[in-house]
Amino acid sequence: MQRVLADVDVDVVEAGYVQYLVGLRTIFEGDAGDACALFEAAAQVGVRFGDRDLETLARLGQGRALIRLGRLRGGVACLDEAIVGISTGEISPVVVGDSYCTAIEGCQELFDLHRAQRWTEDLSHWCEEHPDLVAFRGQCQLHRAEVLTLRGSWPDALSEVDRAIEHQARPTGQLAVGAAYYQQGELHRLRGELEQAEVAYEQARRRGRQPQPGPALLRLAEGQAATAEAAIRRALAEADDPTTRSRLLPAAVEVLVAAGELDGAVEACDELEATAASFRSRLLDAAAAHARGMVRVAADEPEGALPLLRQALEEWHALDVPYEAARVHVLVGRASRALGDEEDARSEWRAAREIFADLGAQPDLQRLDRLIAEDADRDTHGLSARQLEVLQHVAAGRSNREIADALVISHRTVERHVSDIFTKLDVSSRAAATAYAYEHGLV
């Protein structure tokens with residue numbers, strides 16, 4: 001194609017289409033800079049010749065290239081310009097369908113949920129008016145399924161993804177079908193249908209879609225934390241672009257926390273926060289605050305966790321992502337309980353339980369019910385789980401330094417815990433704390 005482009009020495013619209021095709025090949029090869037220049041040149045040809053199809057396709061290509069170059073505002077402007085141009089009615093149906101799909105994929109790269117939802121709805125209406133364009137119908141259903149999953153309409157999302165698989169299986173590319181199978185696996189996993197999730201992830205893998213982080217989270221749900229950790233670390237090692245890594249990092253934090261690898265979880269949080277700042281995405285901001293709050297709860301730092309979790313909760317509710325909001329409610333409850341506020345903890349858990357039940361999130365519902373039952377069965381005298389651990393070591397006669405080494409926390413943190421334990425138990429010495437612990441069955 002480049003040789004053809006070099007041979008075209010007259011100003012004709014066909015030269016613009018050649019530039020557009022070369023731009024596509026260039027961006028697929030990873031050179032977003034050269035691709036951006038080719039798309040811009042092709043768009044100018046489209047403008048000169050009044051070819052709206054070429055102008056729209058080239059603007060979308062330019063937008064996607066700018067996004068990959070980190071020039072997010074310019075990239076979004078190109079996507080907006082192309083989509084607005086569709087309303088003129090001067091663009092052919094095939095280009096319209098391709099434009100919507102390209103723009104929605106660009107929104108997904110930017111984690112721009114609002115644009116993705118709006119343009120998916122527009123694409124749905126357009127597909128209803130053009131039922132003969134089967135390939136676009138399948139892609140439309142997949143995009144709808146992804147949005148519905150975030151919005152918490154899981155039965156509807158599963159129906160859409162099943163139809164997407166049916167439409168895209170004949171005779172379009174395997175990668176598109178693989179993406180649909182991956183989304184199917186995610187829905188089954190969230191609903192607790194673990195065997196069906198396993199099958200769907202394998203179908204995605206066979207069609208070239210690397211199905212992470214779903215399988216890692218599936219292993220975690222099955223209680224295989226070490227296997228989940230190995231899978232998510234491998235996926236991160238293979239991912240080299242910010243968008244892919246940002247889809248993996250929240251799951252990596254969850255898996256690493258469950259595996260007790262808090263240092264690794266902190267590193268994942270740092271990267272997620274940096275990416276969120278560069279993308280200026282509310283979705284990533286919510287995920288980053290959620291992840292950092294989760295790590296601080298695991299590190300028994302409830303005071304530091306609560307502001308982050310409140311921020312995440314506000315963002316998830318504003319974005320209308322109920323499943324993630326419910327997960328944050330659980331963490332807020334745990335932090336509140338650690339601070340001795342049992343009433344707030346129970347209130348947060350009731351809110352989470354109601355959402356999980358409405359969604360049909362059976363694994364999360366079962367875990368929460370176990371947490372509530374364990375909390376009801378014990379009287380910790382206001383001590384957090386970490387403070388109980390520290391008290392057990394104190395009662396065993398260990399020094400603060402020995403406790404710090406055993407729990408892999410700082411000496412200063414142990415001193416703070418011991419001071420808080422004395423205050424909550426109303427004692428003034430390690431001997432008195434030990435006697436209280438044995439008297440009240442805390443060790």
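This is a predicted model: local features need pLDDT of at least 70, side-chain atom pairs count only at pLDDT 80 or more; totals for chains, interfaces and linings use all residues.
I took helices (H or I, at least four residues) and strands (E, at least two) as DSSP runs, numbered from the N terminus. Residues are numbered from 1 along each chain as its sequence is written, and side-chain values use heavy atoms, with hydrogens and water left out.

**Thr102.** I located Thr102 in helix α6 (residues 93-110). Thr102 counts as buried because its relative accessibility is 16%, where buried means under 20% relative accessible area, exposed over 50% and partly exposed in between (1.4 Å probe, protein chains only). Neighbours within four places in sequence aside, I found Thr102 in contact with Leu60 and Arg64 (heavy atoms within 4.5 Å).

**Aromatic rings.** I paired rings of Phe, Tyr and Trp (its six-membered ring) if their centres lie within 6.5 Å; planes under 30 degrees apart count as stacked, over 60 as edge-to-face and the rest as tilted. I noted five aromatic pairs by this rule. One aromatic cluster consists of Trp154, Tyr323 and Phe356. I also noted Arg209 over the face of Tyr182, 4.1 Å from the ring centre; the rule asks for NZ of Lys or CZ of Arg within 6 Å of the ring centre and within 35 degrees of the ring normal.
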